[in-house]
Amino acid sequence: MSGFTISRRKMLAGSAMLLASTAMPTLGRAQTPKKGGRLVLAADSEPRNLNPAIVASNGVFFISSKIVETLAEASFDGKDGLAPRLALGWEGAADGLSVTFKLRDGVKWHDGKPFTSADVAFSALQIWKPLQNLGRTVFKDLAAVDTPDDLTAVFKFAKPTPFQLIRNALPALSSVVPKHIYEVGKIEDNPANNAPIGTGPFKFGEYKAGQYYRLTKNTDYWGKDEPWLDEIIYQVLPDRTSAANALEAGEIQLAAFSAVPLADLGRISKVPGLRVISKGYEGLTYQLVVEINHRRKELADVKVRQAIAHAIDKDFVVKTVFLGYAATATGPVPKNDPQFYTADVPTYPFDVAKANALLDEAGYKKGPDGKRFTLKLLPAPYFNETKQFGDYLRQALAAIGIDAELVNNDSAAHIKAVYTDHAFDLAVGPPVFRGDPAISTTILVQSGIADGVPFSNQGGYKNDALDALIAKASETLDTTARTDLYKEFQKEVAADLPLINVAEWSFISVASDKLGNIANNPRWAVSNWADTYLAG
Amino acid sequence: MAWPQPGFVMTRALTLIRRRLVGSIFVLLIVVIGTFLLLEAAPGDAVDAYIVSTGGDAGMIELLRHRWGLDQSELTRLANYLWALLHLDLGQSVTFSRPIRDVILERLPNTLLLMVSATALSFGLGSALGIYAGARPGSFRDRFLSIGSLALYAVPGFWLGLVLIVIFAVDLRWLPIGGIETLASDKTGRDRAVDIAVHLVLPVSALGFIYLALYLRMMRAGMAEAWRQDFVLAARARGLSRRRIVLSHIARNALLPLVTMLGLQSAQMLGGSVVIESVFSVPGLGRLAQEAVSARDTPLLLGIILTSAVLVILINLLVDIAYAFLDPRVGAGEAGA
C-alpha cells in the first residue's frame with residue numbers, strides 16, 4: 001500500500017509537532033508581507049454568544065479573540081509561556097492572597113473610550129467569577145479587585161490561590177470587556193454579547209446568520225503598525241466537505257480547527273498553493289479518553305480496567321484513527337505540556353494475552369460463546385475521531401471477550417446519557433487540557449460532583465487518596481511543590497485508572513501559501529491575528 | 001374542451017379556500033403538538049446541547065435551565081407556546097436569543113427561491129421531456145430519457161450536489177461552490193440579483209434534476225394512456241396534425257396528474273432542501289431546522305415546521321384552484337374532499 005508510507009511519515013511529523021511545543025522558527029514565511037487585504041476562512045459553527053468573557057470556549061475564541069483581548073496570551077518563548085496583551089506584568093503575593101496586574105497604557109475601546117483597571121475589575125468580579133463557564137471554578141475565591149490607579153489592578157482572594165493557576169488561566173479565562181457597556185442592564189442580555197466591543201486589532205463588523213461574520217480593521221489599535229489585514233470574513237460552511245472544496249477553488253485562504261477532515265489532508269496537501277500545518281494548537285490539546293462507569297461491578301475492579309487498558313493498541317489508534325496527527329497518552333496530562341507532564345507513571349503496553357489473564361484473575365471467565373460480559377459503549381459524537389475510536393474499541397474489547405454494544409447518539413443526547421443519566425458502561429470522550437490540571441482535568445476523576453455536570457467524573461468513581469491529593473494541590477502555593485503534587489496525581493490516576501487516557505491530539509490548519517505569520521503561538525487559531533498578513 | 005367561465009371558477013375557488021382554512025387549523029394544531037411531543041421525547045434538552053461546547057458547573061447549568069424556561073413542566077411549556085401562538089407570537093429562540101419570527105423570515109426567502117426554481121426546473125423540463133418522449137412511445141429517445149431520468153432519481157441529492165461542486169466550482173471554477181450570494185460584497189439591485197442567480201445554478205440543478213424523473217415519467221405514462229382514448233381517435237379522424245394532437249389533446253390531459261403531484265411534491269422539496277442547503281451552504285429553512293434539532297431549540301423548530309406546514313397547505317390550495325381551472329369536471333366539493 002503506497003498510502004501507508006505517506007501516513008506514516010505524516011504520523012511522525014505530527015507527533016514531533018505535538019511534542020515540540022517550545023521555540024520553533026515561525027512557519028509563516030510567505031512571499032512578501034503586505035498591508036491590507038481580506039482573509040476569508042471557514043467557520044463550521046455559529047456561536048450565538050460571542051462574549052468570550054462569559055463563554056470561554058474555542059468556538060467563541062475563534063472569532064472573538066480578534067475583537068476582545070485577554071490580559072496575556074500563550075507564547076512559545078515568553079516567560080512562564082506567556083506574552084503580554086492588556087497586562088504588561090503580573091506578580092503574585094507570597095501568601096497567595098493577591099495578584100497584581102500592571103496594565104498597558106494608551107489602550108482604547110473600539111468606541112473610543114479609554115481602557116482602565118476599572119474594566120478589568122468589572123470583568124473579573126461581575127463576569128468571570130459569577131458567569132464564565134471556566135472562571136466560576138478558577139476565580140471562585142476572588143473577593144475584590146482593587147484599582148489604586150488606572151493602570152493597576154490588584155486581585156484579592158479570600159483563600160490562598162496558587163499564582164501558577166492564575167497565570168496558566170490567563171490566556172483563556174481573562175477576556176476583558178468594557179465596563180461602560182456592560183454596567184447597564186443584565187449582562188446576559190447585553191446586545192454587545194452578539195456584537196462584541198473590545199480593544200483588539202479587529203472590530204466586529206456584521207453577522208449574517210448562516211452566511212458569515214465580518215471583522216474590520218481597528219485603525220486605533222495599540223500594537224504598532226498592526227493589524228496587517230483589513231478584513232477577516234468567517235464563511236459559514238456547515239458541510240464536512242465544503243472547506244476542502246472552497247480551499248481548492250480559491251474561495252477561502254484558511255481552514256483551521258481541522259475543518260478539512262484528516263482523510264482529505266493527503267489530497268489537499270498536493271494542491272499547489274496550499275499547505276497543511278499542524279502547529280499553532282499546542283495550547284489546545286484534546287485528550288482521547290475512555291470514561292468508565294464504576295457503578296458496574298465488573299468495571300469497579302481495577303484488574304478489569306487494567307485489562308481494558310492493555311487491550312488498546314494506542315499506536316494503532318494514532319496511526320489509523322488520527323492518521324498520525326496525534327500522540328499516544330500515558331496519563332491525564334498531555335505529553336506536550338511544558339510544566340506538569342511526567343512520563344514516570346505505570347503504563348499499559350498493548351498485550352492481549354495479559355489482558356485476558358487479568359480478566360481471568362478477576363474472576364470473569366470466558367463463557368462457552370467466548371464472551372465474559374456485555375458492556376454498553378457510548379462514543380461522543382462531537383468528533384469523527386471519537387466515533388471511529390468507538391468502533392475500534394468495540395473490536396479491541398471483543399478480542400478479550402468483552403462484548404461491547406455501541407450506542408450512537410447526537411451531542412445533546414450523549415451529554416444527557418453520560419453525564420446526567422449515567423446510562424453508560426464505557427464512553428469515549430474528548431476532554432480538553434487547558435494548561436493547568438486544576439482548570440478542567442482534576443474534575444474528571446474527583447468525587448462529589450453534582451449530577452449533570454458535563455466533562456466531569458460522572459462514573460461514580462471515588463478514591464479518597466486521589467481526592468486528598470487534588471485538594472492539597474489546590475491550596476499549595478509554591479510552584480515546585482504544586483507541580484510535584486500534580487505529578488503524583490498523574491501517577492495515581494495511571495495506577496488506579498478511573499479513566500483510560502489513550503491519545504492526545506490537536507487540530508490541523510490548511511492555509512494558502514500567501515498567508516503569513518500563522519501558527520506562531522500555541523493558541524494561534526484563537527489568538528488575535530494582529531500580525532497575520534496576506535502576501536501580494 | 002372549452003375553458004370555464006371566470007366567474008364560475010372564482011366562486012369555486014372561494015368555497016375551496018374557506019373549507020381549506022377551517023381544516024388547516026386542525027392540521028396545524030396536530031402538527032404543533034406532534035412536533036412538540038416528538039422533540040420532548042428526544043433525549044437531552046437545549047441546555048445539554050449548549051454545554052457540549054462550553055462545559056459548566058451545576059450552578060451554571062441550573063441558571064441556564066431557568067433562563068431558558070426549561071425548568072418548567074412540558075405541559076406548561078406547551079400551553080404557554082400555544083397561548084403565545086394564538087397571539088401570533090412564535091416566541092424567542094433560545095439558541096439565537098432573537099425573536100423566532102425574525103430568524104425564520106430571514107431564511108424563508110432563500111428556501112422559497114430554491115424551492116420554486118427547482119420545482120420550475122423539474123416540472124418544466126420534466127414535462128417537456130415527458131411530452132417529447134411520450135409523443136413517440138417506445139422509440140429510442142423515449143427509452144433513453146426514461147432510463148436517464150430514472151438514474152438521476154436514484155442518485156442521492158448530496159452526492160449529485162458534491163459532484164456538481166467538484167466539476168463546476170472546484171475544477172472548472174465557473175460557478176461559486178456555495179452560499180446564496182457573494183460574501184460581504186455590498187452589491188445591490190441588478191448586480192445582486194445576478195449574483196444570487198449565479199449562486200443558485202448548482203443547488204437548483206441538484207435539487208431539480210432529482211425530481212425531474214418523476215414528472216417526466218408521469219407525463220410519459222399519462223400520454224401513453226391518452227393515446228388509447230377515443231378523443232384521440234376522433235381527433236385523428238378529423239385529420240388534425242400529429243403535433244396538434246400531441247400538444248393540445250394528449251399532453252393537456254396528461255398534465256392533470258402532474259399538477260396534483262406538484263402539490264404533493266412541495267413537501268418533499270422542503271425535505272430535500274435540508275440536504276442541498278447544507279451541501280451548498282445556503283442559509284435556508286432546511287438547514288435551520290437541522291440546527292434547531294441538534295440544538296434542541298424546540299420553539300424554533302416548531303416555528304419552522306409551522307411555516308413549512310402553512311407553505312405546503314397554501315401550495316396545495318393553489319394546486320386545487322389550478323386543478324379546477326384546468327379541468328371543469330372537478331367541482332369544489334370533490335376538490336375539497
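**Reading a two-chain model**

Tutor: Gladly! Let's begin with burial: of the 337 residues of chain B, 40% count as buried. Keep in mind that this is a predicted model.

Student: What are the overall dimensions of chain B along its principal axes?

Tutor: The C-alpha trace of chain B spans about 85 × 55 × 40 Å. Chain B holds 13 helices and two strands. Of its contacts with a separation of 6 or more, 73% are between residues 24 or more positions apart.

Student: How should I look at a helix, say helix 5 of chain B?

Tutor: Start with the general idea: an α-helix has 3.6 residues a turn, so residues three or four places apart point the same way. Now the case here. Helix 5 of chain B has 36 residues, and from its first C-alpha to its last it reaches 50 Å, close to the 52 Å expected at 1.5 Å a residue.

Student: Where does helix 5 of chain B bend?

Tutor: Look at Arg107(B), where helix 5 bends by about 30°. A proline, Pro109(B), follows within four residues.

Student: And how do I read the place where two chains meet?

Tutor: The size of an interface is often given as the accessible area lost when the parts come together. Here we can count residues instead: 43 residues of chain B are in contact with 41 residues of chain A. On the chain B side, helices 2, 3, 5, 7, 10 and 11 each supply at least two residues. That side divides into 21 nonpolar, 13 polar and nine charged residues. For the complex, the predictor gives an ipTM of 0.83 and a pTM of 0.87.

Student: Which parts of the model should I treat with care?

Tutor: Where pLDDT is low, the predicted coordinates should not be read in detail. Chain A averages a pLDDT of 92, yet over its residues 1-30 pLDDT stays under 50. The model has 52 contacts beyond four places in sequence for that stretch. Chain B has a mean pLDDT of 85, while its residues 332-337 stay under 50 and have twelve such contacts.

Notes. Residues are numbered from 1 along each chain as its sequence is written. Chains are lettered from A and ligands numbered from 1 in the order in which they are written. This is a predicted model: local features need pLDDT of at least 70, side-chain atom pairs count only at pLDDT 80 or more; totals for chains, interfaces and linings use all residues. pLDDT is the predictor's confidence in each residue, from 0 to 100. Two residues are in contact if their C-beta atoms, placed from the backbone, lie within 7 Å. Ala, Val, Leu, Ile, Met, Phe, Trp, Tyr, Cys and Pro count as nonpolar, Asp, Glu, Lys and Arg as charged, and the others, Gly among them, as polar. A residue is buried if 20 or more other C-beta atoms lie within 10 Å of its own, exposed if 12 or fewer, and partly exposed in between; C-beta atoms are placed from the backbone. The expected span of a helix is 1.5 Å times one less than its number of residues. The bend at a residue is the angle between axes fitted to the seven residues ending there and the seven starting there.
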